[in-house]
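I set out to record what I looked up in this structure, entry by entry. The entries cover salt bridges, the sheet, the packing of helices and one surface patch.

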Amino acid sequence: MNGTQPSIDAVSKAIIEQLQEDGRRPYAAIGKAVGLSEAAVRQRVQKLLDQGVMQIVAVTDPLTVGFRRQAMVGITVEGDIDPVAEALAALDEVEYVVVTAGSFDLLAEIVCEDDDHLLELINKRIRALPGVRSTESFVYLKLRKQTYTWGTR
């Protein structure tokens with residue numbers, strides 16, 4: 001992410017909220033809801049995608065597609081955090097990486113096929129990264145809620 005934030009008006013926020021409710025909602029239906037033509041909605045959606053404001057993706061339950069182990073990994077870094085965050089973000093198993101204030105410098109959510117895959121990822125790949133001082137893993141036992149419909153402000 002770069003340091004500049006794109007300006008988003010109320011209509012674009014309404015479009016985002018429509019797509020958060022249903023990412024496959026037709027542009028014509030969105031246009032009707034927000035007071036724009038289908039072409040205008042298409043143009044705004046493309047601009048929001050190009051600016052990195054949003055993504056339209058299929059969200060799956062990892063268990064149903066063969067990934068039986070999820071975990072949050074707290075990582076303490078010695079020195080510059082950025083190279084470690086970039087290296088984590090490049091790993092296929094890592095869903096997201098956040099820089100934090102508190103007990104950990106970084107949090108990374110990971111999705112693995114099983115416990116052996118999780119162990120290999122943490123022990124051989126994450127802990128081996130230059131600058132990683134320690135890790136603490138929080139293994140997910142059950143996913144109770146996963147939603148992306150918080151709207152806009």
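**Salt bridges.** I counted a salt bridge where a side-chain nitrogen of Lys or Arg lies within 4 Å of a carboxyl oxygen of Asp or Glu. The model is predicted, so I kept in mind that local features need pLDDT of at least 70, that side-chain atom pairs count only at pLDDT 80 or more, and that totals for chains, interfaces and linings use all residues. Residues are numbered from 1 along each chain as its sequence is written, and side-chain values use heavy atoms, with hydrogens and water left out.

I searched the whole structure and found six salt bridges. One of them joins Arg-25 to Glu-21, with the closest N and O atoms 3.2 Å apart. For accessibility I took buried as under 20% relative accessible area, exposed as over 50%, and partly exposed as in between (1.4 Å probe, protein chains only). Glu-21 counts as exposed, at 56% relative accessibility.

I then looked up Asp-9, which forms a salt bridge with Arg-44; the closest N and O atoms are 2.8 Å apart. Asp-9 lies in the segment before H1 and Arg-44 in helix H3, so the pair ties together parts that are 35 residues apart in sequence. Helices (H or I, at least four residues) and strands (E, at least two) are DSSP runs, numbered from the N terminus. Asp-9 is partly exposed at 35% relative accessibility, and Arg-44 is partly exposed at 25%.

Which residues are linked in a network of salt bridges? I found Glu-93, Glu-120 and Arg-125 in such a network. Within it, the side chains of Arg-125 and Glu-120 meet at 3.4 Å, N to O. Arg-125 is partly exposed, with a relative accessible area of 27%, and Glu-120 is likewise partly exposed, at 33%.

**Ser-12.** I placed Ser-12 in helix H1 (residues 10-21). Is Ser-12 buried or exposed? Ser-12 counts as buried, because its relative accessibility is 8%. I took contact to mean heavy atoms within 4.5 Å. Leaving aside neighbours within four places in sequence, Ser-12 is in contact with Arg-44 and Leu-48.

**The sheet.** I read strands as paired if DSSP finds at least two bridges between them. An open sheet of four strands has the order E2-E3-E1-E4, with antiparallel pairing. Strand E2 (94-99) and strand E4 (132-139) stand at the edges with a single partner strand each, so one side of each is left without a neighbour in the sheet. Neighbouring strands of this sheet are turned by 20° against each other on average, direction ignored. Axes are lines fitted to C-alpha atoms, for helices over the stretch in contact, and angles run from 0 to 180 degrees between N-to-C directions.

I followed the pairing of strand E3 (residues 106-112) to E2, which is antiparallel and has five bridges. Val-94 has Ile-110 in E3 as its bridge partner, and Val-97 has Ala-108. In the hairpin of E2 and E3, with six residues between the strands, Gly-102 takes a positive phi near 135°. E1 and E3 also pair in the antiparallel sense, over seven bridges, and Ala-71 stands opposite Ile-110 in E3. Six of the seven residues of E3 are buried, so E3 is largely enclosed by the rest of the structure.

**Helices on the sheet.** I noted that helix H4 (residues 81-89) lies across strand E1 (69-77), E2, E3 and E4, and runs at about 165° to E2. Helix H5 (residues 115-126) packs on the sheet and touches E1, E3 and E4; its direction makes about 140° with that of E3.

**Surface patch.** I looked for patches among residues with over 30% relative accessible area and no salt bridge, where like charges are joined within 9 Å and nonpolar side chains (Val, Leu, Ile, Met, Phe, Trp, Tyr) within 5 Å. Accessible areas come from the Shrake-Rupley method with a 1.4 Å probe; for residues, only the protein chains shown count as cover. Val-57, Val-59 and Tyr-148 make a nonpolar surface patch of about 290 Å². Val-57 sits in the loop between helix H3 (38-50) and E1, and counts as exposed at 55% relative accessibility.
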